Amino acid sequence: MNDTILLPKSDIVFKLLFGDERSIELLTDFLKAVLRIPADEYDEVIITDPHLLREYKSDKLGILDVKIKTKSKKIIDIEIQVKPMPALRERVVFSLAKMITGQIGSGDGYTKIKQAISIFITDFILIPENDNYHNKYTLYDPATGSEFTDVLEVNTLELSKLPIDDDGSELWNWMKFLASNQKEELDMIAQKSPQVKKAVVRLMELSSDERTRMLYESRQMMEWDNMLMKKTAREEGLAEGLAEGLAKGIATGKEQGLIEAKNKRNFEIINNAVKMNMPTEVIEQLTGLTAEEINSLSDNK
């Protein structure tokens, strides 16, 4: 048996730990550590998307979410992101807006809207403005401190800001669990927190499961391939563009050469990706192009 412990902050492992209907107890224990809402809200917790996304062949690279509804129909979205991406704050706001507008159908009144809460976990610095590993944001007046509404709430959890020393909170234990990559660390946390101990036991079970390991390793390979393709595309596109630009001997030639080289490389990447049946959103991340640009460069239009 492979004794390597799977990383709990890996999106696929996180989904299996908290996004399965059999994991409701773990999920509610985690939510209680993060959010300040009445405990009886968790008497009725529904995971709205409990299914693993088709063996992860068509999910969002690096981002995976778990959506929950509570007793009073509050909507909670938990996402984990291990690597920086552009416009992540804007992406969180967009997701919250969809959680709000998705509650209203034709003829419904605004009073139907229930609180939408985002819990966004990162393995990098997302909020450089302070050193807190947990930040909570709502709509309020910064001059008076009065809250306009709590219908929107964002909670950011940054693993990279977690202090070495225990701050005495249950949230610190959960964050330490997510950041751990060694069995000794996990054993230490399990001894301190009965709630987190259940998560450690579940993680050990997943780590010893052959199918889970295959999914985990396939996921890693997909991410490495994605990084390599983007790096290669950047380097080759730059080299070819510079060569063509220098041959033309003028600044506009350099610029045009870069564009032509980039399009040539993207053409190759796009068509290889299409042959591999990759979804459009994955190809967008590989090339940095829009769906319309991808379609215009593809020979499979």
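In helix α6 of this predicted model, the buried residues are V196, A199, V200, L203, L206 and S207. Viewed down the axis of α6, these buried residues fall within an arc of 120 degrees, so they line one face of the helix.

**Helix α6**

- Helix α6 covers residues 194–207, which makes 14 residues.
- From the first C-alpha of α6 to its last, the helix reaches 20 Å, close to the 20 Å expected at 1.5 Å a residue.

**Aromatic pairs**

- The structure has five aromatic pairs, counted by a limit of 6.5 Å between ring centres.
- In one of them, F18 and F30 have ring centres 5.3 Å apart and planes at 40 degrees, so this pair is tilted.
- F18 belongs to helix α1 (residues 11–18) and F30 to helix α2 (residues 24–34), so their pair ties together parts that are twelve residues apart in sequence.
- Both F18 and F30 are buried.
- F30 also forms an aromatic pair with W174, and this one is edge-to-face, with 5.8 Å from centre to centre and 80 degrees between the planes.
- Because F30 lies in α2 and W174 in helix α4 (residues 170–179), the pair ties together parts that are 144 residues apart in sequence.
- F30 is buried, with a relative accessible area of 0%, and W174 is buried with a relative accessible area of 0%.
- Ring pairs link F14, F18, F30, W174 and F177 into a cluster.

**Strand β4: burial**

- Strand β4 spans residues 116–122, and seven of its seven residues are buried, so the strand is largely enclosed by the rest of the structure.
- A116, S118, F120 and T122 point one way from β4, while I117, I119 and I121 point the other way.
- The residues on both sides of β4 are all buried.

**Strand β4: neighbours**

- Strand β3 (residues 75–81) runs parallel to β4 and is joined to it by seven bridges.
- Within this pairing, I78 has I119 of β4 as its bridge partner.
- β3, helix α3 (residues 88–101) and β4 together make a β-α-β unit, which is right-handed.
- β4 also pairs with strand β6 (residues 147–158), in the parallel sense and over seven bridges.
- I119 has N155 as its bridge partner in β6.

Terms used:
Residues numbered from 1 in each chain as written. Predicted model: local features only at pLDDT ≥ 70, side-chain atom pairs only at ≥ 80, totals over all residues. Heavy atoms only, no water. Helix = DSSP H or I, 4+ residues; strand = E, 2+ residues; numbered from the N terminus. Expected span 1.5 Å × (residues − 1). Buried < 20%, exposed > 50% of the residue type's maximum accessible area, 1.4 Å probe, protein only. Arc of directions from axis to C-beta. Phe/Tyr/Trp six-rings, centres within 6.5 Å; stacked < 30°, edge-to-face > 60°. Pairing = 2+ DSSP bridges. Right-handed = clockwise from strand over helix to strand, strands pointing away.
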